[in-house]
Each structure stands twice: as C-alpha cells, then as structure tokens.
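This report looks at how two parts of one chain meet. Start with the division into domains, then follow the contact between them.

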Protein chains: 6
Amino acid sequence: MRLLIANANTTEAITQRCADAARAAAAPGTAIIPATPRFGPEVISTRAENIIAGHALLELLAQHAGQVEGVLLAVSHDTALEAARQLMPCPVVGMTEAALFGACFLGARFGLVTFGGVETYRERIAAHGLTSRCASLVGLDVTPQDSLRDPDGVARQVLDGIQRAVTEGADAVIMGGAALAGFGPQLQPQAPVPLLDGIACGVKFLEALVALNLPKPTQGSLAPPRGRASVNLDPKLAALLRG
Amino acid sequence: MRLLIANANTTEAITQRCADAARAAAAPGTAIIPATPRFGPEVISTRAENIIAGHALLELLAQHAGQVEGVLLAVSHDTALEAARQLMPCPVVGMTEAALFGACFLGARFGLVTFGGVETYRERIAAHGLTSRCASLVGLDVTPQDSLRDPDGVARQVLDGIQRAVTEGADAVIMGGAALAGFGPQLQPQAPVPLLDGIACGVKFLEALVALNLPKPTQGSLAPPRGRASVNLDPKLAALLRG
Amino acid sequence: MRLLIANANTTEAITQRCADAARAAAAPGTAIIPATPRFGPEVISTRAENIIAGHALLELLAQHAGQVEGVLLAVSHDTALEAARQLMPCPVVGMTEAALFGACFLGARFGLVTFGGVETYRERIAAHGLTSRCASLVGLDVTPQDSLRDPDGVARQVLDGIQRAVTEGADAVIMGGAALAGFGPQLQPQAPVPLLDGIACGVKFLEALVALNLPKPTQGSLAPPRGRASVNLDPKLAALLRG
Amino acid sequence: MRLLIANANTTEAITQRCADAARAAAAPGTAIIPATPRFGPEVISTRAENIIAGHALLELLAQHAGQVEGVLLAVSHDTALEAARQLMPCPVVGMTEAALFGACFLGARFGLVTFGGVETYRERIAAHGLTSRCASLVGLDVTPQDSLRDPDGVARQVLDGIQRAVTEGADAVIMGGAALAGFGPQLQPQAPVPLLDGIACGVKFLEALVALNLPKPTQGSLAPPRGRASVNLDPKLAALLRG
Amino acid sequence: MRLLIANANTTEAITQRCADAARAAAAPGTAIIPATPRFGPEVISTRAENIIAGHALLELLAQHAGQVEGVLLAVSHDTALEAARQLMPCPVVGMTEAALFGACFLGARFGLVTFGGVETYRERIAAHGLTSRCASLVGLDVTPQDSLRDPDGVARQVLDGIQRAVTEGADAVIMGGAALAGFGPQLQPQAPVPLLDGIACGVKFLEALVALNLPKPTQGSLAPPRGRASVNLDPKLAALLRG
Amino acid sequence: MRLLIANANTTEAITQRCADAARAAAAPGTAIIPATPRFGPEVISTRAENIIAGHALLELLAQHAGQVEGVLLAVSHDTALEAARQLMPCPVVGMTEAALFGACFLGARFGLVTFGGVETYRERIAAHGLTSRCASLVGLDVTPQDSLRDPDGVARQVLDGIQRAVTEGADAVIMGGAALAGFGPQLQPQAPVPLLDGIACGVKFLEALVALNLPKPTQGSLAPPRGRASVNLDPKLAALLRG
C-alpha cells in the first residue's frame, strides 16, 4: 500500500519529520511517500497562508493522482481537505481530522493542547461537527525557541496543559500541530489520558479506509470534477479538473 | 490480534452472521472471537430491551477481559458503548459508531438507510455529536418477511432510499442495522456514493486503534472502575467493578 | 395515589432517605412506596455501574407494574429513564429531569452544584436538550467523609458553589445528587436564588402528570413492547416485554 | 390555593373559556381567578400585537400581585413570560411552556399541531431551549369559520396532523392555541400518542410549583425590580417597578 | 433621507445623546429625527421594563409611520425589534443588532464589553442566531457613579475588558450599551481590535438598507398587520394594526 | 470611495456583469474597479476549484492593496473571505455574506433559491453561524442553457421556488449565485417578500463599513501577516505576507 504524506508547507524538513512519524506508525506493507509543494508559505500560521497552501497542496496531489492508494494531509490545518477528497481517486485523511476522530473513539469528550492560538483548531473542530465533544482547548504561550532553549520546562508546560484539559472533562488529549508531535510519546507515561498524534492516527485510519476499498462518489459535492475549464494552472491539476 | 465480536442480542445466528462479516473484513493476522450474551432480548428493538442488553453485554465482556486486544460491539444500537469502553482494558468500538465516523472520513455529510423507524439512529448520531453531518435518515417500511419473500423488490427499495439520501445531500450512506448488512456489497455497483457497513468499518478501525497502542485513561469518566461494591452480579463483572 | 420511589442503587439506606424526602413533599392523599433493586451496584458512580443498574431498575419496576400510579426514579443519573417510561403503564419521572424542568419553570438559565465530577450531569442536561439553559456546572471536591467530619465547612463550600453559579448567570440552582439533598433546605435562607431538590420536584410533577391522566402512546419509540422474546430474564420483566 | 388565569387578549370570552378549562383541571382546593387586560389586541395574532399585549398583561398582573399564589398566562405566545416571572411575587407559568415541558416528561420528542402558521411556536420552542426535542410542527390551513362550518372535517384534519407528527417522530403532541383546545379530549381516544393541552398542564404544574414553596431570586435577571423609575404608567405597575 | 432615532427609554437626555451620535455618523443628506416615548421606564434595566417599553416604542413609532425612511431603535435591548419591523413601512434596525452584524463583517468571532450583567446581551445574541460567533462577554462591575468619579480608572477597566475579550478569541469588540458609547472613540487608538458602536453601525446599515429600496413582505410573520382589532390603544397605533 | 469588485472566476464576462450590478447599486461618489484573477477556474462550481480560486483571488487582491478603500468578493462562494479580510488593509465583504446579513436585517428567517445543488450555500450559512435563521434552501434543476432557451419558464420556476421558501418560513429570499442575479428585480413585483442580491447588498454594506472608518485588528487571527516567509509566490502577495 502506497500512502502519500503530503505537506502543505514548503519546508522540506517538516515533510521529512512527518514522513518519519508516518513510517513509525505504518504497517509492514505500507510504503510512505513524502511530498512537499512547489510554492507557498514555508510554515502556515495565518489564514491567508492557509488559503495559498490549499492551491499548492492540490497541485502537489495532482502530480501523484493514480500512483498512491491513500493521502495523508500532513498539516494541522487539514488544508483543503474536502477539495483533496473530491479531486483524488483514493481516500484522503487530514492529520487533525484523524486525531479528532481517534479521540472520539476513545472517550466521551476530548481536549487539545497546542502552542500559540487555538482559533484554527476551534474552527476545524466546528467544521468537523464535533464542537459538542470538545471539552478543552489549551493554547500554550510557547515559541519554537522556547522548545530549543528549555525543553524540560516546555514539557512541564505541556503536561500542565494536558492535566488542565482532563480537569475540564477530556478523556483523551490531542497533541495539536507538528511542534507538539514529539511530546506525545515522551509525556504519555505521566499523562492521565491517552495522547493522540495526528500523523500516527492518520496513517492507521488511512490504512483502514484503503482496506475497506470503497468507491468514490459519482454524485454530490464530493464527486470528482468533470469538464471544468481553467486557465494558467499546472497541466496535471487542470487535467484532473477536466476529468 | 484477537478481536471480540460481542453481540448484545441473545440470538446466536446474528452473532455468527456478524462474525462472518468481521472475518471477511479482518486483516490476515486478526482472529475473530464471536460471543453471545447469557441473557436478554433475542433481538433488541425497543428502548427497554436495549437497557437490559446493556447489562448482558457488560457481563459478557467481563468474561473476556484481558483475553482480547479489542472489542467490536456487533449491535446497531452501540449498546452500552461508553460503559464497555470504561470497563474493558482494550479499545472498544461500536458498529454504528464505526460506520458514522467512516462516513465522515469520506464526505461532508452522510445519510443512513434502515428498515423500520429511525429514532434510534437519530439519537445515536446526536450522542456522537454528529447531528450537523447527517443529511438524511431514511426508514424503509420493510419487514424481515418482505426481505425473504421479495428480495429484489426490497433491494430496489433500498436503492431508492440510498438515492433519496444522496438527493438530500449525503456523500456516503450507512447501511443501518444487521438486516441491511448484505445489501451494501450487492448494491454498491449501482449506488452513486460509497455504502458503509458497520461491521467492516468496526473491524478496520479497531485494528487501527489496537495498533496505535494507547493506554486507557486513569482519570475522568472513562477511567476503569476501582473499589466499586455490588450485589448479586456475575463474579467476573463484580471483580472488574472492584478493579 | 400510589407513587413508587424506585432507587437504582442497591443500598437500602439511600432508598429510605429518598422515600422520607418524597413523603415530606407528597400531597396528603399520596402514598410513597419505596423500592430497591435485587442486584447491582451499591452506589452508582461510574458509567458501567449505571448500565448494570438500568437492568436492575427495569426488573424492579416490572414487579410493581400495574400496582402504582406513577414512578419516580430516585437516582441522580435518571437511569434507564426512557426505557422505564416505555415499559411502565403509568407516568415515570427522573429526579434530575424533574429538578431541571423545575428550574426552567423558575428562571431563564439554571446552575447545578454537586460533589465530584460534573460530566454525568452535563450529559443528562444535553440528553434532555437543555444545554442552552445551563449557565453553570459546579463540581465541588468534597467526599462523603468531608461531609461527616466538617459539615459546616462543607455547607460553606456548597454556598460558595451556589453563588458562583449565580454569578455565571443561574436564576435557580439544582442540588445535584443524594449527598447534597439535605443542603437545599438548610442553605435556602442564605441563597440568592431558589434551590431545587430532585425528589421534591419529582414527587410534585409526578402528582401533576398522574392527575392529567393521559394515555400511553401506542405508536413510536415509547409505545409499550409487544411480542418481544427474551431469555433468562426475570419472569415479570419478560412478561412486560411480551406485552 | 388561588391561581390567576391571566389572558393577554382583551376578548373576555377567551378568558372565560380558559378559566373553565382551568377549573376542570384544578385540584379541589384550587380557586381559579380569571383576568382580562384593560387594553390591547382583541386576539393576538401578529408580532406587534404580542408586544403591546405584553405591557397590558404586566399591568393586569400588577393589579393582582400579592393576592394570588400563582399565575398561569392563558395565551399561547407565553407573552411576557419572563418579565411576569420577574415582576410577580409568586410562580408564573405560560400555557405553551407548560405543554412543552409536559410533553418532554412523556416522550423523547414532541410534535405540535396548530391552525395557521407555526413560526410563533418555532420561536417559543427555541426560546425555551427545546428545539432538539421538537420532531414536527404542523400548521393546518383552517380558519375559525371552518371550525364552525365543518367541525367533523376539521377534526379529521387535526387527527391527520397528529398522525403526521407521530410519523415524523413525536411521542406526544401539543394542541397549540386556544382554538385547538377542545380537540384534545375529543380526539384522544383515536390518537396514537398523548395530546397535551396548555391550560390543563399549566394548572397542574403551577399547583406543583406553588406546593414546592420556593423563594423568588434576589440576584440575577429574575430578581424583582427595585427602585426603577417610570412615567405615565398604571400606579400599581409603577409601584412594583419601584419595589 | 429621514431616519427616526427612536429611544425606548423615557429619558430625553439619552435620546439627545443618541441623536448626537447618530448625526455624527450620518451621511450628508441624512436627517436625524429623535423621538422619546410618552410613557414607560426612565432607563430600561430589567425584563419587566423592557416589555413595557416595547409597547411605548410601538406607540411612538406609530406617530412617525410614513414620515421617515428608516428607524433606528436607540436602545441596547433591541426592544420590540421584530414587531417594529412588522409594523413600520420602512426598514428598522436595532442598535445592538447593527453592532453585532458589523462585528461579523470584520472578524470571525466577536466580543462585547458592558457595564453590569451580560444576560441581556447573551439572549440578544442567541435571538439573532449568532451564539457561535461570540467569543467573549465581559460584564464590568462599574456604576454610572464610578464613571463620573473616576473616568480614567473606568477607561482602564474597559480597556482591560477589551483585551480580555481579544484573548478569548474576539476579532472585534462591541461597546455594549449607551453608557459605554463614548469609550469607543477614546480607547480605539489603544485597542488591538476595532471597537463597534451600535448607533454609528445602525445609522450606516440603515442608510444602506434604505438605499437598497426593498419592499416589505406581504406574507409571513413580518407582513404588516391587517384588520386587527384592539381596545384602548393610541389611535395611530390602532390604525396601523387595522392596516 | 474606490471599491474593488474582485471576481474569483477567471471569466471576464462575469466580472463585467458583477461590476455593472455594483455600479447600479453604488452611491454617487463610489468608483467601481473590476478585477479578474490571472489564473484558476473559469467558473467555480466544485470544491477543488474553489480552493484554487482562493489563491488566485488573494494574488489578485495583493495587486490592489492600498489602492482601494474596500473589496467586494464577487463570487457566491465567499471564496477565501476571511483570508482576504486578514490580508487587505481595508474592509472586505463577500457577496453571499452580504445578502445573508441583509436578509437578517429584514426578517426573522430567510430562504435562498439557486440553480443546482445547495450544499455550498448550506456550508456558507453554517460558516457564518446563521443556520438557525435559514428557513429554506431551494435548489432548482435549471441549467444555463434552460435560462437561454426558456427564460419565461425559468422565471416561473424561480418564482415557485421563492414561494416555497416563504411557505417554509422565509421572510426574505436571497437570489443565490450570479446566474440568478437578474431575476431579483424582474420578479420582485410578484414576490411576497423582499428578494436580495449579493452584489447590491455587498456594495451598500461595504460603503457603510468604509464610512465607519474602523482600524484593522493588530491581534488575533485577523491581524495582518507579519514576517511570513514563502516561496514561488507572486511578489506582491509575498510582500503582503512579509508585512
């Protein structure tokens, strides 16, 4: 089974880190194919960057359409998730989506801990229809520099954030964003609830969906584009739109 | 990997049918262990029966605690789902829960077709927090006898129900209940969207959750019972409550 | 009028305490008949216990079907409420349900104060559809031992919890759970809003429903079971399922 | 116990009809005191009339403050309900509010049948926070003249409306508005679910609330007005605002 | 364009202050016509006062029907908003409504800062259907006396409240109520998000709606009253009800 | 006042039609500046196209940043609305957003009529938080060819759709999408409620917002990007991301 790990940021190092995490989670027969967009923001952290990255991601996916059995969007914003699902002839899963659904399989309500603001996650959770299952969103005031300078202090802050989410009713806590990915395995022994990582969840649920072997819809808003004309797009993307 | 396929009805034939479906979906290394409760309704179809079956199911699970890596509740009501999740030291998934989240991975909104009334499903969908993702609930006025007497006519009704759900906005349609299980594979070639079966989805997501190898919570409402006293219960169930 | 006060815990002392509270609230012509289940948890405090108690409660009710004019579920979880409503040929009210609706009759939004976690109540409130009317859930970190050792200190904590709920917008506050029952009358003189007790509310609303003398439904998910087969159940419960 | 049956329309005949229905439902010791406003619409049927009637109703209530133990708002719009609750030193219940909560005590979801448009009821249900418990709103195209000219035909339409609500998931059906009040008792024998009348429900729940003997709030938005100055108001209403 | 600035309080000074703010916001060709009700509360601050003021406001509007092109309700409760919209032959906007929609045009979620309790605003926001866009409601414990005695201290509190709303996710903050009106322009240079004033927003959106020149509905709950009989009402109001 | 009418489709003719409509609605001093993206779909009608057009639109806006006082997104999907709002130093309004808020200013609930599927609009309405105010979504099975071949027949279908929305509770109806734009003025005389056009509403509300002269946020998710690095983007867009 060939799974595309599609970053929506243009920073190759993030792609590689995600691909490594994906390989660690993948079943023996699963091949992990990392991919980075040709253009766009180095690291998505604002609304405008996320929109630009959506196009970049679709162009990237178009290069791999038909050559992979599944796609994991390795970006915490689940950038262009439903458009990717419509465009690609295989299952597509977002890493935050996967972590959210994974958490729902484990408990009644979930929490999420991240660095920086939480509005992106609030909106993602609402878009997935899961607002009533979210017990707590914890945004820690931690910068990437802090993580390098004082990793133990930052780990303590993350653990405090996890505990706060549990106190507010979370049965499982999602580690939100690539920057927090490493903390899950490190802090799990001390954490009172399971900690979920979007890449690991995404790989496993994608393997499950590929195995279910369901067809794509031919009607409705997720049916693949047919006969759509466009100008000045990447040829492979334009071809997918034409159907 | 040993997965318990736990029926909550006492009808052995239903258990076997579910186990067969589970085996068809399972990965090569997955062993399917069917189980039927000692007491309770033959076929759950009312609120009172579902409550009784909850106890029967927990007693049944208690006989297998520690001997299986995962539990699939092979009952469309997701009977006692969160209690089972609390009680058992392994992942637990409900078959309707699995189909619902599977459908959410495939499209923006889902539909569900079933025989008889839809209130059970409406309540399950609300309990999972997924009301806003439900486009259509279609309850067909079909009895088990109809299915035997006129299978082709019933199949046409099911296909009409699927099309109605799609017209109302569904990107994927869940075959609700054991009685509809066989129709998914049969009607998929003619259906305009993917058709989801709870047993197949349940087995695959359970395999994914077992592979993620996450610990159970030690705090919150899903933490296993400790020191809970009871009277006149099955010894193994009472032992699990004592912790 | 004969009202059954049905405990879902097997602790006889709790049944008696609830029956005493019910008698204090009952109208002159109302007879209070206490009842305790044959099996199940001594005190329900986890999800698994609540499921088991559901069956125990239905079995208990079956012994009294036709001999009482109304049933009050004397258990803060409203255990098996809708199943009991379906099964019994008379009105059935849950004590938390009664307190919630009572609070809605008194103010725009309500609060609830309890000992321990609040998730059970959050879920009950959501199940009753009243989430938007809940201003505040206050879970006090108080054990039964604390209540015995320092009753005045605990009373102060409860009063602080009431005030916190009012500050957060509550026009009425529910005393959640049997352990808090006594505090209502004691603290009412100092409290800025009415304090509601589930047993008192339940008895009065049940008297009202009995007086309305409405028939049970014959269609829909609350219609009594008919022709439902079961195995190894209490004979009277099995008889009710057969209809 | 003295209960005020306060109409918000100025049509005395409606007041008398409501008072008769209230007397039929009242317990032996309950005295029913009918009251009609001094000014305002003859029959409220638009938004503007309902606002005007709110003032008329509060002025009317002010004449009776301290002389009654409870107030039933005998108007299907629950006109000025929360303001009346704030102003009066006794429990206040709205007739539609009472029917809605009565229906919630009897089933999982309710329906409502009325003559004319349903938007008023949709808004009342939302204001009470009960939208998720509403299965069906049925507005019949029937005028008062129709009821006089062809009572049997209208009764059949109402029964069809009840059945439609049940088919859409209602476990109990509210007869919405004074014009439908008589149909409940008439059609109940043929109806598949209980039919609720707001006046009867209102009297019984009001008796229950009076018996609970709870104090009014002294804080929050339902605390009685104190020191509020006004101009050109009825002296008794102005006095209540001053506190 | 003639715009009526209709106060619902009887305090002339408030009307004048609102009219001044309206003139400051109005386009060159817009005439501002202030109006104060004949009766009712001097300053609405409770539920009962708001109901009385609803009638007073409709009577006031009836004096101006046909003589103005638009109406701004200069009262933070949006008193009788939809009834006014039904009654008047021109567009009607509420000042809080205008600020809320203005904030929605500027950001994903909004906050609101006010003096005293926030329940009125919570209910207004819910009535407008905008609950999911409200990030924060901040009620400051400030009296009119405080504002006079320590204006700088109060301004600091308001700024702190604004910052708290932003921290909780607000992209824009509404200055709630007449008492806060002046703080918007004063604090805007120091505030991290736009501050919205209901009078200014109301005037501009009303000018926009008047320019759109859309007809009133002739069907539905906003269609003007026709043939409605009433007793003891102001002649012009009664005439509008008759149609 | 200079307003940019930014199409997100690359079809110049649509841009011109929108610009004409905008000019018809604009105040005397308002200049309308039409703009069409350099790349992307000719006509957005699928999810994937909408994502691509988001980038195209932001690139287009970047060419005009600082040279216009306001931006109207002339695309029914409100493509990239919040990203555009974040990126541009002036107010930005979406045409569907404007029509929705305009409808909310006119009635309690609104309807929408469009050609083809309604899921896009359902999602937009939910994203704006206005689901509870939507009474009816009517998708007519009409193609652009139908409009050319049988304009009268199509007009009758649109009028039927409007009436259906009103019957389902709409007080105002939005003409959804560019294809329906012309029908509003044509059918208004026969329609029972106001018909809203997104371009006209957008121009008027944008003029209102520009006149309010509020600053952009400096904190939160709508604060302009600062210091964001990117690769292979249009220089002006990259410059805006850098801040």
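## Domains

Chain A splits into domain 1 (2-96 + 201-242) and domain 2 (97-197). The bounds come from an automatic or database domain assignment. Taken over C-alpha atoms, the centres of domain 1 and domain 2 of chain A are 24 Å apart. Each side puts residues into the contact: 15 from domain 1 of chain A and 15 from domain 2 of chain A. Contact here means heavy atoms within 4.5 Å.

This is a predicted model: local features need pLDDT of at least 70, side-chain atom pairs count only at pLDDT 80 or more, and totals for chains, interfaces and linings use all residues. Residues are numbered from 1 along each chain as its sequence is written, chains are lettered from A in the order in which they are written, and side-chain values use heavy atoms, with hydrogens and water left out.

## Buried area

Domain 1 and domain 2 of chain A bury about 1300 Å² between them, 54% of it on carbon and sulfur atoms. Buried area is the accessible area (1.4 Å probe) that two parts lose on being put together, summed over both. On the domain 1 side, A:Thr96, A:Cys201 and A:Phe205 lose the most area to domain 2 of chain A. Together they account for 40% of what that side buries.

## Salt bridges

How many salt bridges are counted between domain 1 and domain 2 of chain A? The count is three. The criterion is a side-chain nitrogen of Lys or Arg within 4 Å of a carboxyl oxygen of Asp or Glu. The side chains of A:Arg47 and A:Glu123 meet in a salt bridge, at 2.6 Å from N to O.
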